[in-house]
Amino acid sequence: KDDGVQWKGLLPGVQLPYKKQAQQVKKDIIPELLNQEFLWDADYHSYTSWRKRIEALPRLNAYFPRTPALASDYFHSGRRLLRGAIPHPQRVRNVLRPFSFPLNWELYQNESNVQEQTKDERKFKGIGSADQQTFFQINLQNLKYEAKARLGDRDIVEGLTKLEFVESLMEEHLSGRQSAAEAPIFAERSGEDILEYLERVTQVWLFKNKYYDYVISEVVNQNEKSAILLDLRTQLKIAQGRYREGKISLDTLNKMKKDLRDFALGKLKKLESTGETGDIIAKRVRDFRFKFDEADFKARVDNSPLYRRDNDPDFLKSEGDVSKFLDLKRRRAEATLCKVRIIYKLYEGQKLTPTESKYLQTWRQQLKKSDIFDIPQVMLPPATTSKTIGQLSQNDDKFFSQFANVDLTSFDKFALNDLVFEWANFFDQNVVSRVELGFKAEQVRRDWELDFELPIDSLYATKEAKLVCEELDELIWRKEAILDNDTQESIIEMFQMGRGGSLSDRKWLPSDLQSLRDFMSTANLYERRLEFLRDWFLAKNAEVLNRPVMPIPDEYIKSDNELAKILPESGRTARIKEAVKRFFKKEYDQVTASELNLFVENIGGRLYILKKYIPLPLKYAIAGVLDHPNIDELDRNKLLAFLHLFEVEVKVKSSELLAAEPIRLEGEKVQETTLPPREVLQERLRVASTPFVPQIALKLWSAT
């Protein structure tokens, strides 16, 4: 405790010091309240039984996103934003969207006016043999999946404070259960589903950490091997130079070669067996090869999950009965939403409603009376709520209606608890337990009149510090993925191989090199730069092969950017505009965003029929819709998702110049990659490492 410094800010393997007065620093609590394991899980399906039921639907099994199509590839509001079949949420708009389940085009088959359609007219329509139970499960899955993509972290937490059904749950918990005249319909699930999900979702972090360790160890290992071999070659060159200078004999040279090779071989064997690097760690080499061995990686990774059912207090309290475990988790979800809402409003200094104040006082009283081992049962309702989806208020219904693929209006008799259960996944139950433990620690300290804080490590750990480090790793990764000048020059050198063999090619080569430089400069702004660069190489190669070997007027030997300004409209562009006119019965430039939206919603579900023999005019029409200046970005991304899911190729081969048919650059652009200054990063880590549980526990104790 010298100089007023205590070591309590915990990080994996690191303890950051903070000064006593720093305890009053108000850190951001939102990263602590959210369940990062759930937010970073990119799988659409959560439960095995639901997956089997949904994918068994006729004609719909291909409509649902698959895990390989999803990627967590950049941070958004402090976390990674998912990408997949759900369109990228750049904007929210009030136009017709599918509601009953993803990509439901039957709802739009006979519609003529998109803008005038009301939500009441978009009622649930059964498709195939699916029943209400299955569609309820689909809506719950859509809700979680789309909320991850649409809402930022703060939106999720602050949205909880505005949901009116949470306050109605508090009233029920305070007053006791009232038997309902008619029992609600629960979503069919089992306790085993929940256990399997908890075991799977925690493996996201396990895999991430194991993968990082594996890659680093392999890179270091192969780097050290390269350093050993480089040192061997250097020493052999020195020995051979001394021999040529006549300073040593041939026998001495051969002996030195053998000794050097034996010495290097010994180092390699030692590195292979023990991983020790010794003093060669300083002899780094810049370039090395790393090949990912999937089989070797899987053999090293311990597949056991971070979550173990035998360590779950709720599973132990249920005595291993999965039915009792499911009921306990259902009740726990209700209590979690109520407590997280109180914790957030207390920490942010927001005024509590009368119901929230009463809930808080009861919560405090029960905590004071409870034993430390009974803390998990405090304010746990004796039974799940009997309320139904049909009892949601207008404000709550409006909140959930913001999600394009969610429609709860057809499930009035289904249990509200299922909605609560899924929404509670967004919040970390462990934080609630730590706050309650902090409250008991404060009670012990006051009862025993202690003048120091109890040394309970879990009260001082934070998640935000690790997230800051993750964000820094992400920035470094993104920054290094950008093509630097050296890399671009290497690509240009590769492009020149085999070129200039003819007079015509020698004339074109300078312009082609400038075209390559211009394209790399533009494509470098996108995350998929290498994919675009590959397409450019293929297209440019086809153009070079199709060029006539004859004198070409100098005014046409220009880079693609310059040539595009003087070329007339290409034949392909004209055919695209003609195809669009044929489908929409109007000129290309006159097609509106609403008409494009209707086209996307209707064509999507039919692609699985047309994918084998798609007519050429339809290919041109789809290409025109994708490039249309009036198309909404959400519609464009959804159409791209349809094409990806059904593996439909709409690229039309052309022998025209690349300048007339340039490579389409699409997708996410590079996010901010500027690394923060060291001082800024240190301050962020210091604030992120500030304990927040003691502050909340004190507020919970003294709140009136």
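Where does Lys 585 lie? The close-ups below start there, in a predicted model whose local features need pLDDT of at least 70, with side-chain atom pairs counted only at pLDDT 80 or more and totals for chains, interfaces and linings using all residues. Residues are numbered from 1 along each chain as its sequence is written, and side-chain values use heavy atoms, leaving out hydrogens and water.

**View 1. Lys 585 in its loop.** Lys 585 lies in the loop between α22 (571-584) and α23 (593-604); helices here are DSSP runs (H or I, at least four residues), numbered from the N terminus. Although Lys 585 is not a glycine, its phi is positive, about 60°. Most residues other than glycine have a negative phi. Lys 585 counts as exposed because its relative accessibility is 71% (exposed means over 50% relative accessible area, with a 1.4 Å probe and protein chains only).

**View 2. Glu 319, with a positive phi.** Here is another non-glycine residue, Glu 319, with a positive phi of about 55°. Look for Glu 319 in the loop between α11 (313-317) and α12 (322-348). With 67% relative accessibility, Glu 319 counts as exposed.

**View 3. A patch of negative charge on the surface.** Glu 480, Asp 484, Asp 486, Glu 489 and Glu 493 gather here. Such a patch takes residues with over 30% relative accessible area and no salt bridge, joining like charges within 9 Å; a salt bridge is a side-chain nitrogen of Lys or Arg within 4 Å of a carboxyl oxygen of Asp or Glu. Helix α18 (residues 485-496) gives the most, with 3 residues. Glu 480 sits in helix α17 (residues 464-481) and, at 60% relative accessibility, counts as exposed.

Note on methods:
Patch = residues over 30% accessible without salt bridge, like charges linked within 9 Å, V, L, I, M, F, W, Y side chains within 5 Å. Areas by Shrake-Rupley, 256 points an atom, 1.4 Å probe, with all protein chains shown as cover. Lys, Arg positive; Asp, Glu negative; His and termini not counted. Charge placed at Lys NZ, Arg CZ, Asp CG, Glu CD. Helix = DSSP H or I, 4+ residues; strand = E, 2+ residues; numbered from the N terminus. Buried < 20%, exposed > 50% of the residue type's maximum accessible area, 1.4 Å probe, protein only.
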